[in-house]
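Hi there,

Here is the structure I promised to pass on to you. Have a look at it first, and then read on for what turned up in it.

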Amino acid sequence: MTRAQIASSGTLRRRVLDAARTLVERGGAEALQLRLIAAEVGSGVASLYYHFANKDALLAAVAVEGWGELTQKIERARASGKFPRQIDAASAALLTFIRRRPHLYALMQTEPGLSEHQSVRAAEQRAFEAFQSSLGGDDRVPPDRIEDVALLFWVLGRGIAASVHMEAETEAAERLMQSVLRGFGFLLSPRHL
């Protein structure tokens, strides 16, 4: 394969991923259709199979990128200095991601075929570790309870995602997110640990 072919191949893969993500963000995993993607990127469906073994592999790649984006958002929020505590920053990043990308988050969390992809599980684990590290040094959480508290919040995120997804009005979704952040703070109060 020549350099031009390799570059073109990489470009096509990127364009396919971008088109797939756009479809997922608009209408969820069920909106992803290989023919639509092929038409969008100006390629045949067979070319897609060069880069992705099947539709599940493409969905897995979209989910991996979603987890990577969430990890970056958690890390940026924690570094921003805008929040009184690191867990507030991490929680806000998680909830904002859920609110702004509900279909993508649903794909990342619930698509059954993705659980078999090690890359998706590894990407989620990295995001969880970024979230969990926000509890380190928080005087409200005993060191031996950090993982438990982080897992509680992580699992609550799944339910929150469903609630935010149902809330179409932006202002109402923002109020819900602020309420959840206050609830996280309450759960972290020393008398509840």
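Let me start with the aromatic rings: searching the whole structure turns up six aromatic pairs. One of them joins Trp-67 and Tyr-105, whose ring centres are 6.2 Å apart with the planes at 65°, so this pair is edge-to-face. Since Trp-67 belongs to helix α4 and Tyr-105 to helix α6, the pair ties together parts that are 38 residues apart in sequence.

Phe-131 sits in helix α7 (residues 118-132) and Trp-154 in helix α8 (residues 146-166), so here the parts tied together are 23 residues apart in sequence. Phe-131 counts as buried, with 0% relative accessibility, and Trp-154 counts as buried at 4%. If you colour the rings in your viewer, look for the cluster that ring pairs build from Trp-67, Phe-97, Tyr-105, Phe-128, Phe-131, Phe-153 and Trp-154.

Please keep in mind that this is a predicted model, so every value here is computed from it.

Now for the chain as a whole. It has nine helices and zero strands, giving the pattern α-α-α-α-α-α-α-α-α along the sequence. The chain has 193 residues, and 42% of them count as buried. Among contacts with a separation of 6 or more, 70% are between residues 24 or more positions apart.

Back to the two helices that hold Trp-67 and Tyr-105. How do α4 and α6 lie relative to each other? The axes of α4 (residues 55-79) and α6 (residues 102-110) come within 9 Å and cross at roughly 110°. An angle from 65 to 115 degrees counts as roughly perpendicular, and α4 and α6 are therefore roughly perpendicular to each other. On the α4 side, the residues in contact are Leu-59, Val-62, Ala-63, Gly-66, Trp-67 and Leu-70, and they meet Leu-104, Tyr-105, Leu-107, Met-108 and Gln-109 of α6. Sorted by class, this contact has nine nonpolar residues, two polar ones and no charged ones.

Helix α4 also holds Ala-79. With 65% relative accessibility, Ala-79 counts as exposed. Its C-alpha atom is separated by 8.5 Å from that of Ala-89, which is 10 residues away along the chain.

Helix α2 is worth a look as well. Which residues of α2 (residues 34-41) are buried? They are Leu-34, Ile-37, Ala-38 and Val-41. These four cover an arc of only 100° around the axis, which puts them on the same side of α2. The general rule behind such spacing is that an α-helix has 3.6 residues a turn, so residues three or four places apart point the same way. On the face of α2 turned away from the buried side you will find the exposed residues Arg-35, Ala-39 and Glu-40. Just after α2 comes Gly-42, which takes a positive phi of about 70°.

Happy browsing, and do write back with any questions!

Best wishes

Note on methods. Residues numbered from 1 in each chain as written. Predicted model: local features only at pLDDT ≥ 70, side-chain atom pairs only at ≥ 80, totals over all residues. Heavy atoms only, no water. Buried < 20%, exposed > 50% of the residue type's maximum accessible area, 1.4 Å probe, protein only. Arc of directions from axis to C-beta. Axes fitted to C-alpha atoms, helices over the stretch in contact; angles between N-to-C directions. Parallel < 35°, antiparallel > 145°, perpendicular 65-115°, else oblique. Contact = heavy atoms within 4.5 Å. Nonpolar A, V, L, I, M, F, W, Y, C, P; charged D, E, K, R; others polar. Phe/Tyr/Trp six-rings, centres within 6.5 Å; stacked < 30°, edge-to-face > 60°.
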